[in-house]
Amino acid sequence: MKDDTILNLMVAHHSLLEALFSIVKEEAGKDSGEAKDALLEFIWELKKHFFTEEEAVFRLVPKENNQINGIIKHLMDEHIMMTEKLKDLKDLDEFYGILTHHREEEEKELYPVLDKELPEGLKREIIARINEIPLSAKA
């Protein structure tokens with residue numbers, strides 16, 4: 001994986017979440033330990049991903065750019081909303097739609113802009129912090 005951009009690293013995170021969610025959907029409706037384990041693993045990785053974005057990326061972005069900060073605020077609001085929905089996840093398709101929209105917004109509107117506009121030193125710091133939080137190998 002090419003890990004020299006914020007976008008590439010976060011696409012890898014998103015791909016992992018996509019794979020884990022696929023497993024959750026496959027196991028949904030089965031009254032089995034695998035179904036519960038799949039859901040718990042997805043929730044754990046999603047929460048780690050949110051933490052990574054909020055603490056390793058969003059917190060380090062300079063506050064001068066109102067457009068970027070508006071996107072970040074919106075994304076953080078969505079993190080809160082999705083975390084709440086996870087407490088009683090009833091409609092997997094609805095949640096997947098929200099998650100997909102969220103991912104697309106990050107990958108099209110935020111991360112390419114950060115890669116283009118942030119100073120190299122700051123990008124390296126963000127990339128290093130992202131890499132401190134390992135991805136799961138279970139997907």
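Select helix H5, residues 120-131. Helices here are DSSP runs (H or I, at least four residues), numbered from the N terminus. Color Leu122, Lys123, Ile126, Ile127 and Ile130: these are the buried residues of H5. Buried means under 20% relative accessible area, with a 1.4 Å probe and protein chains only. Now look down the axis of H5. The buried residues fall within an arc of 135 degrees, so they line one face of the helix. The arc is taken from the directions running from the helix axis to the C-beta atoms.

This is a predicted model: local features need pLDDT of at least 70, side-chain atom pairs count only at pLDDT 80 or more, and totals for chains, interfaces and linings use all residues. Residues are numbered from 1 along each chain as its sequence is written, and side-chain values use heavy atoms, without hydrogens and water.

Next, show helices H1 (6-27), H2 (33-57) and H4 (92-117). The buried residues of H5 pack against these three.

Stay on H2 and pick Thr52. Is Thr52 buried or exposed? Thr52 counts as buried because its relative accessibility is 0%. Leaving aside neighbours within four places in sequence, Thr52 is in contact (heavy atoms within 4.5 Å) with Met10, His13, Val57, Ile130 and Ile133.

Last stop: select H3, residues 66-86, with H4. Their axes, lines fitted to C-alpha atoms over the stretch in contact, come within 11 Å. They cross at roughly 155 degrees, on a scale from 0 to 180 degrees between N-to-C directions. H3 and H4 are therefore roughly antiparallel (over 145 degrees).

Conventions: Helix = DSSP H or I, 4+ residues; strand = E, 2+ residues; numbered from the N terminus. Expected span 1.5 Å × (residues − 1). Buried < 20%, exposed > 50% of the residue type's maximum accessible area, 1.4 Å probe, protein only. Parallel < 35°, antiparallel > 145°, perpendicular 65-115°, else oblique.
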